[in-house]
Amino acid sequence: MEQLIEAFGRFHPVLVHLPIGFIILLITVEILKLLKLFRMESASTATLWFIAFLSAALSSVAGYFLSKEGGYELASLTKHQNQGIALTIICLVAFLSKWDYLTGKIGFNSILYVPAILAAGIMVTITGHNGGNLTHGESYLVEKLPAPLRSMLGFSEAGLPQKTVKKEIKDYNEAVVYQDIVKPILEEKCLSCHNPKKMKGDLRMDTPDLLLKGGEHGEILVAGKSDESEMIKRMLLPESSDEHMPPKGKPQATADEMEILKWWIDNGHDFSKKTKELKVTPQITTLFKINSNAASERAVEIAQVSYPEEKEILKKNVPEITEDFNKKVKETGGVISKISKESNLIDITFFSKPGLTDQEFTALGKLPENIIWLNLGNTKTGTETIKTLTALPNLTRLHLEKTALKPESVTELLKLKKIEYLNLNGNPLAEADLKKILSIKTLKSLYVFDTGIPDEKIEELRGQFKNVSIQSGPTKKQIEDFLKIEKKKINDDVYAKKK
Ligand code: HEC
């Protein structure tokens, strides 16, 4: 029964066209009659008003059931509901004022007809408009109008959904993480469905309090544990899944945005701290292109990770890089920063140069021994570039995610003498090659998410290479388990409702 009622509710947007159609028809008829262009008997008009009344009543009932599904702002909903009821009553009054039976008995009812028909015209417009706003948002109708026309109609720019103007952040260290970095991501990717007007899953994401409150299944953020946070879990699901956020076909969060959201939650999802007050991961360092100002935070982060080779290298004294090399890297689109205030060791990232090719990289010439971290992630570099890296005596962390890594490059990687962190996410890999890489003595962390190697194989290799932390993202099984829990939650809900 419950299901039937719910299904009926969904017909509300279709049913409402009936009273609208009848009322427009009746108003047109009355105007044409006034102009003596049309004739219609009073009894027929009365019948039509009766049908208009019935269809309005039916729409109201369907609307009531639809509202039970939730997800609408209460104040607007109540207003629309009252208007719907008023419209239904107005149609009834119009019918009664035209009804011969009554006219025969009391006679004065017919004076109500003109006010009723005027009221019906006004009310149907208002109700319809507000109903549309409930589903599409306040400014849907005028959003595409030219700005001057829009303001003539009384819609200010402020009334429009706030398009996130991504404020250019000059220094990420000083940025307030939630306000300047996290919020714009949520606004762009989530807010269209989780806002005051449209609360899908009973979830609003427009203020800190509401983010903390969560949705119909409770909290969506678990401080310090992004992998247990509903928000992240849903975003990590395959896009084809019904539970995936944002839903299939909607603009998706990028890998970098995911990284930022995860980092924010892992740091306790604070709403007022700045980047420099949080613990920065290597990925975030690169992503934000944090320069040498961040050196001291980085020193903390280095100290927290136990990479023995790195610790030894950090004690070394190397001469500063040449001005010439500095210039060349900048011209190629790379960003150089010192690893700590006390050291001349450097981190180079080509984060802002996704098109970087082998040719461009090798044109940098002889690479200085200063390079301890190198990020070539998301560039087009491949074998030729990797060959030049083998000459780097101090390279401990290398990002090669989503590059043009070829199987023949793998043997080159084996020559990296001090490598402790290697990110190969998103590069197709053969199992045999992965095994070779894992046998690099110094290796401590290996990232192999989305490399085409089956979960079971990776699990097996984890058993074999206990010294290396192998990161491979959620397994198929974890995703399936998650979906099962979600299904169960939904079933529990239905059960709870029936009880
Ligand atoms: C196109 C609309 C749409 C967009 C955009 C969207 N969502 Fe949703 N969201 C929904 C719907 C519909 C539901 C309820 C159905 C469900 O539970 O799957 C929901 C439910 C959720 C829930 C579960 C709430 C609960 O307690 O049941 C979370 C968490 C969530 N969304 C997070 C997000 C995040 C994070 C984003 C942005 C990255 C996002 N959503 C973007 C439509 C959307």
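Me: Two strands count as paired if DSSP finds at least two bridges between them. With that in hand for this predicted model, which residue in β4 is the bridge partner of Asn 375?

Reply: Happy to start there. β3 and strand β4 (residues 397-399) pair in the parallel sense, with three bridges between them. Within β4, the bridge partner of Asn 375 is His 399.

Me: What handedness does the β-α-β unit of β3, helix α18 and β4 have?

Reply: The two strands of this unit, β3 and β4, pair in the parallel sense. Helix α18 covers residues 383-389. Together with that helix, β3 and β4 make a β-α-β unit that is right-handed.

Me: How many of the residues of strand β3 are buried?

Reply: A residue is buried if 20 or more other C-beta atoms lie within 10 Å of its own. Strand β3, residues 371-375, is largely enclosed by the rest of the structure, because the number of its five residues that are buried is five.

Me: Which residue stands opposite Ile 348 in β3?

Reply: Strand β2 (residues 346-349) runs parallel to β3, and four bridges join the two. Along this pairing, Asp 347 stands opposite Trp 373. Opposite Ile 348 you will find Leu 374.

Me: Which residues of β2 are buried on the side other than that of Ile 346 and Ile 348?

Reply: In a regular strand, side chains alternate between the two faces of the sheet. Both faces of β2 are covered, with Ile 346 and Ile 348 buried on one side.

Me: In which sense, parallel or antiparallel, do strand β1 and β2 run?

Reply: Strand β1 spans residues 335-338 and is joined to β2 by four bridges. The sense in which β1 and β2 run is antiparallel.

Me: Which helix gives the most to the shell around the ligand?

Reply: There are 23 residues around the ligand, and Cys 190, Cys 193, Lys 200, Gly 201 and Gly 215 come nearest. The shell divides into 10 nonpolar, six polar and seven charged residues. With four residues, the top contributor is the helix at 230-236, α11.

Me: Is Pro 251 buried or exposed?

Reply: Pro 251 lies in the loop between α11 and α12, and among residues over four places away in sequence it touches Lys 189 and Pro 246. Pro 246 is in the loop between α11 and α12, and a cis peptide bond joins it to Met 245, with omega about -15°. Exposed residues have 12 or fewer C-beta neighbours. Pro 251 has 9 inside 10 Å, so it counts as exposed.

Me: What is the phi of Asp 450, which is not a glycine?

Reply: Asp 450 sits in the loop between β6 and α21. It is partly exposed because 17 C-beta neighbours lie inside 10 Å. Its phi is positive, at about 60°.

Me: Over which residues does pLDDT stay under 50?

Reply: The chain averages a pLDDT of 85, and 88% of the residues score at least 70. Where pLDDT is low, the predicted coordinates should not be read in detail. The model has 10 contacts beyond four places in sequence for the stretch where pLDDT stays under 50, namely residues 157-165.

Key:
Residues numbered from 1 in each chain as written. Predicted model: local features only at pLDDT ≥ 70, side-chain atom pairs only at ≥ 80, totals over all residues. Near = placed C-beta within 6 Å. Nonpolar A, V, L, I, M, F, W, Y, C, P; charged D, E, K, R; others polar. Right-handed = clockwise from strand over helix to strand, strands pointing away. pLDDT = per-residue confidence, 0-100. Contact = placed C-beta atoms within 7 Å.
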